[in-house]
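The following paragraphs lead the reader through the structure, beginning with the way its parts are put together. Please keep the sequence and the model in view while reading.

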Amino acid sequence: MTLETPPGYAPLSEATLPDFLAAVPALANRLGGSPADWSVSEVGDGNLNLVFLVEGPGRDGKPAGLCVKQSLPYLRLVGEGWPLDLNRAWFEQRAMALHAAGVSGRAPALLHYDPTLYAIVMERLSPHIILRRGLVQGMRYPKLAEHVSDYLAGTLYATSDLALPATKKRPLVAAFAANDALCRLTEDVIFTQPYMTHPNNRWTSPQLDTTARAVQADPAWKLAASRLKLTFMASPEALIHGDLHTGSIMVTETDTRVIDPEFAFFGPMGFDVGAIIGNLLLNYLAQDGHATEDHPRDAYQDWVLETVEQLWTLFRAKFLHLWRTSGEGDAYPAALFSGPEGTACLETERRAYLDRLFADALGFAGAKITRRILGLAHNIDLEKIADPDLRALCETRCLALARSLMVETGRYPTIRAVTDAARHVRRSVTAVGAIDQRGLGLGAS
C-alpha cells in the first residue's frame, strides 16, 4: 500500500537527521561541533511515531543532546494498513506551548518545529526514564505526585473557562477540534472496540477468553463506556493531554516531565486525571506478577496506592487554589458572587465542581484499565509477567476494579475509597473468570 504524503515530506532516518539539524543554526549550535561529531539513534518504541536521540559535544566541554519526534503517515503499532494524519505533530507542539504557559518545568522544552517534515525538536531528557519502566522495576519516585498534580492543575485550569475568556478559548477549541484522527482513535480503541468482537482486540488467551466474552455481553459495562465516550466527545472543558499514562511521563527521583501530548484537544478534565490514576491502579494490581521470594512487592504496592491518594488530594487542592486566586474566565463571574453569602455559595460550587470531576476521572480510569487488557495496545506492567496464568489473574483483578469504577462510580466518594477497593480486589479475586455483573461490593457502602 502506497501512502500519499505532502510535498517535501519524508521520514527521517539516522542517516538524514544530521543534515536536517545542521540546517537550523540554533540546533546545530546547541549540539556543538559538526554533524560528523553527532551520534543519532532511533529509539521510538511507542505506537505512533519516529523518535530520535541526538548527542553532540556541546559547548565549553559540556555534552548536549536533542530529542526529535516525527509523525509517520500511519499507526506504527499496526503498519501502513492503518493510515494516520501527519498533522498530529502540529497539535503536539501547539499543546506543549499552551501547557507551558500554565505550568513551567513539567515538560521538555520545545526548541523547534518543522511543518513540512512534521518534526518536533525538544530538550533531551537525561538521565530520565519512562515512568512505566521504573514502576515495573519497583522504583520509587518521591516527587511524582507533587509534580504530576502540578502539571494537571496548571494545564487544566489555565485552558478552562475558569481562566480564559470565551473570546480566547473558542478559537483554541476550534483549532484543536481538527485533531479528529486521534480523537477518533481514542473513541474507538478505548470506548468501543474492547466491548465488542473486533479484530484489533487481544488478550491473554485462553485464560481470559471467558472474561472477554462476559465483558462484551455486559450491558451495564457497555452503557458506562458509552456514557464516558459521550462525555469525551461533548465536553470541551480544557486542553487535555489526551494520553496521560505512565508511558507518557519521564522521571528521575527528583524530576518529572510529561511528554507526547499529540492526542491533545479540548475535552473533559477528568480524562487526563483518570488516565494517570487508572494506570497507577493497574500497576498496583500487576505488581504481584513481578514479586519474588527475594523481592516481595507488598511495601511497594502500598507506596503506589499512597501516590494515587496524594496525586488526587494535591491536584484538588491546587486546582481550588488557582480558582480562588486567579483567572479571567467568563464562567462564574465574580460580580455575581460578592459579599459573604456569595463567596460562601461560590466556594460550595467549587467543591461540587471538583466532586464531579472526580467522578468523571474514576470512570475514565476504569475505561483506561479495561482497554489495556482487552483492546489494541497493552502495558508492560502486565505484558512482562511471564507466567500467563498469573498474568491472567492480575488482569482479572484489574478488570473487576475497572468495572466497579465505571458502573458503580457513586460508591467512591473519596480517593481512599478507591484505594481500599484496589486492596479488596487484590485479596478477594483469587481465580480467573468472568467478572460478576452484580458487582463485587467494592468501595464505600
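Buried area is the accessible area, taken with a 1.4 Å probe, that two parts lose on being put together, summed over both. The size of an interface is often given in this way. The model is predicted, so local features require pLDDT of at least 70 and side-chain atom pairs count only at pLDDT 80 or more, whereas totals for chains, interfaces and linings use all residues. Residues are numbered from 1 along each chain as its sequence is written, and side-chain values use heavy atoms, with hydrogens and water left out.

An automatic or database domain assignment divides the protein into domain 1 (16-123) and domain 2 (129-428). Their C-alpha centres lie 27 Å apart. The contact (heavy atoms within 4.5 Å) takes 27 residues from domain 1 and 32 residues from domain 2. Between the two domains about 2400 Å² is buried, and carbon and sulfur atoms give 67% of this area. On the side of domain 1, the residues that lose the most area to domain 2 are Phe91, His99 and Arg106, together 32% of what that side buries.

Charged pairs also join the domains. A salt bridge is a side-chain nitrogen of Lys or Arg within 4 Å of a carboxyl oxygen of Asp or Glu; five are counted between domain 1 and domain 2. The side chains of Glu123 and Arg257 form a salt bridge with an N to O distance of 3.1 Å. Helix H3 (residues 88-102) supplies 10 residues, the largest share of the side of domain 1 that touches domain 2. Helices (H or I, at least four residues) and strands (E, at least two) are DSSP runs, numbered from the N terminus.

The structure holds 27 salt bridges. In one of them, the side chains of Lys69 and Glu262 meet at 3.3 Å, N to O. Lys69 lies in strand S3 (residues 62-70) and Glu262 in the loop between strand S11 (256-258) and strand S12 (265-267), so this pair ties together parts that are 193 residues apart in sequence.

Which backbone features deserve attention? Most residues other than glycine have a negative phi, and most peptide bonds are trans. The peptide bond from Ser126 to Pro127 is cis, with omega near 10°, and Pro127 lies in the loop between strand S7 (119-123) and strand S8 (129-130). The bond from Ser205 to Pro206 is likewise cis, with omega near 10°; Pro206 belongs to the loop between helix H7 (180-189) and helix H8 (209-216). Asp60, although not a glycine, has a positive phi of about 55°, and is found in the loop between strand S2 (50-59) and S3.
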